[in-house]
Amino acid sequence: MSVTEQGLLEREKDTMTLNMGPSHPSTHGVFQVVLEMDGEIVRSAEPHIGYLHTGIEKTSENKRYVHVIPMTDRLDYLSPPQNNLAFCLTTEKLLQCQVPPRAQYLRVIMCELGRLGSHLVWLATHALDIGAMTVFLYCWREREMILDLNEEISGVRMMTSYIRIGGVMKDATPGWLAKVRKFIDYLPEKIDEYERLLTRNPIWLDRTEGVGVMTKEEAINWSLSGPALRASGVDFDFRKKRPYSGYENFEFDVPVGKNGDVYDRYLMRVEEMRQSRRIIAQALNSLPDGPYKVEDNKISLPERSTLHTSMEALIHHFKLVSEGVSVPKGETYVPTEGPRGEVGFYIVSDGSNVPYRVKLRAPSFMAIPGMCKMMDGSFIADVVAVIGSIDIVMGEVDR
Amino acid sequence: MTAEEVVETVKSALGEAVQKGEVNLGDAVIFVAPDSLHKVAQYIKEDAGLKMEYLSDIRGVDYLDQDREPRFEAVYELHSFEHNHSIRIRVGLEQENPTVPTVTDLWNGALFPERELFDMLGFNVTGHPNLKRLIMPEEWEGHPLRKDYPLTTEDVAFSHNRDYKSELVKSKPPTR
């Protein structure tokens, strides 16, 4: 605004610039969006990211492969096993090693538990953003049980680093498996409970139906992925179409929406929680016996008990701990289906024990321009709903 | 289509524009010069048999220590949901002023990754509507994901200690 000769205030433009974030409770991290407002209508939205830049990609170029795994946990910190898996699958593809079936099943169990945990946090915060406080508390209650399961198997509640190159960190005990079964038997009625609170709730419908609409063509063009893409009517799930880590052995449905609005994205994720539960149940029922990591001691550490009796095991142990795994020269990429969409690492190896270049394909990062496109023409209150429906995690956006 | 068929189809349709095509660990990979990238990408996106309508990711790689020409590379990953196949387009870029044409007119999803190419690796993306730094602050110097960018400690912007004199501690380039 400027002051005229008569001392009156004069508007220079018809719109108002409004800064939302970087520290705003509903931007789920440090995400800033600059809104051009015409009254209550958003005319344009410009995203600003980089407030959580941790330099993980650069750091990875100076660490051994094994040491990169704990950093991948910090990327999408709501479902760490998925990042571990994406990184390990790519490394294993370069190493050309086959992971034993038991390890694959344990990986699937952990990833699906991670997906459940991530969707629970999403539902909790998304509902809270729109004004449903109760769901927040309920979802947090169930997520706590998943964190307890994480703690029991890996020693850490969130940053599990459970999936390792060539297998998993350690074998699951029968006690842990029984606890997982107890949890997934308990979960369905709780999901029904969330749905009873939200799915046909008129306030929820008013706030979500027809908000942030993206057609099928737009969603593809703007590189949305995962539940947001499927809500727009694209029937594509990497677990189904290009199975990895033994997903071809499980029966599950891929929910596909048709309207591509916030409500459909909500329905997709709730249904995915049911399907994740189904996958875990099948994995528990048919969990194969056998080793939980590859037996090639050039990739995975030999058993502790063999170190005192076998010279070769001792040498391998020393070489692996002091030097790490050397990965053959080459570059590759393996897409996986994370809770937010396509997660994958593009790894360039120069043949040494340190990756030459690591690039994460982060679903949240790719979805942000499309998310801001959805805000154009919507009410300012719907901005919160749209951000919540894409479920961005700033850890993987800024890396 | 299998990866071999994808590479064969692209090579036979585009001829000279594709420098080399190969199947690497089961993935279809083609090598393209920056000048023909847009034409190749448009063909792969719009051809009914290929229909790679989804841009999965764009990455930049700096092959400084690898003794190879050209030094930089931009890598595009495309998927087709309809046919369930993928292709990787690798574009070699010269050391002096690496320049690559934009594909934002084909895919809006390229807006962010192309800005990241500029920000982190210093690629000049011609035709991008809004080419400025994305992750690093706008006044930042250098491009962090280049291999000759030193690993340093960051200069302190403000200190309560009046006698404090900041000194950039530059380490040697990383050794392996």
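# Two chains and their contact

The C-alpha centres of domain 1 and domain 2 of chain A lie 33 Å apart. Residues are numbered from 1 along each chain as its sequence is written, and chains are lettered from A and ligands numbered from 1 in the order in which they are written. The model scores ipTM 0.85 and pTM 0.89.

Within chain A, domain 1 consists of 56–96 + 99–293 + 328–398, and domain 2 covers 297–327; such bounds come from an automatic or database domain assignment. Where the two domains meet, 15 residues of domain 1 of chain A are in contact with 7 residues of domain 2 of chain A. Two residues are in contact if their C-beta atoms, placed from the backbone, lie within 7 Å. On the side of domain 1 that touches domain 2, helix 2 (65–73) and helix 3 (80–95) of chain A each supply at least two residues. Helices (H or I, at least four residues) and strands (E, at least two) are DSSP runs, numbered from the N terminus. Helix 3 of chain A provides the largest share of that side, 3 residues. By class, the side of domain 1 of chain A that touches domain 2 has 6 nonpolar, 7 polar and 2 charged residues. In this scheme Ala, Val, Leu, Ile, Met, Phe, Trp, Tyr, Cys and Pro count as nonpolar, Asp, Glu, Lys and Arg as charged, and the others, Gly among them, as polar.

Two loop residues of chain A may be considered next. A:Tyr247 is found in the loop between helix 10 (238–241) and helix 11 (262–285) of chain A. A:Tyr247 is buried because 21 other C-beta atoms lie within 10 Å. A residue is buried if 20 or more other C-beta atoms lie within 10 Å of its own, exposed if 12 or fewer, and partly exposed in between, with C-beta atoms placed from the backbone. Not counting residues up to four places away in sequence, A:Tyr247 touches A:Val108 and A:Arg239. Between A:Tyr247 and A:Gln104 there are 8.8 Å from C-alpha to C-alpha, although the two are 143 residues apart in sequence. A:Met169, in the loop between strand 7 (167–168) and helix 6 (174–198) of chain A, has 18 other C-beta atoms within 10 Å and is therefore partly exposed. Leaving aside neighbours within four places in sequence, the contacts of A:Met169 are A:Ser154, A:Ser161, A:Tyr162 and A:Arg164.

Chain B contains 3 helices and 7 strands, which run α-β-β-α-β-β-β-β-α-β from the N terminus on. Of the 176 residues in chain B, 34% are buried.

Helix 1 of chain B comprises the 12 residues 3–14, and at 1.5 Å a residue it should span 16 Å; its end C-alpha atoms are 17 Å apart, which agrees. The expected span is 1.5 Å times one less than the number of residues. In helix 1 of chain B, B:Val6, B:Val7 and B:Val10 are buried. They cover an arc of only 95 degrees around the axis, which puts them on the same side of helix 1 of chain B; the arc is that of the directions from the helix axis to the C-beta atoms. An α-helix has 3.6 residues a turn, so residues three or four places apart point the same way. The cover over the buried residues of helix 1 includes strand 1 (18–24), strand 2 (27–32), helix 2 (37–46) and strand 5 (85–93) of chain B. After helix 1 of chain B comes B:Gly15, with a positive phi near 60 degrees.

Helix 3 (residues 111–121) of chain B is mostly covered, with 10 of its 11 residues buried. These buried residues pack against strand 3 (54–62), strand 4 and strand 7 (124–126) of chain B, and also against helix 13 of chain A. B:Gly122, which follows helix 3 of chain B, has a positive phi near 75 degrees.

Confidence in chain B can be described with pLDDT, the predictor's confidence in each residue, from 0 to 100. The mean pLDDT of chain B is 82, and 86% of its residues reach 70 or more. Over residues 168–176 of chain B, pLDDT stays under 50. Where pLDDT is low, the predicted coordinates should not be read in detail.

Note on methods:
Predicted model: local features only at pLDDT ≥ 70, side-chain atom pairs only at ≥ 80, totals over all residues.
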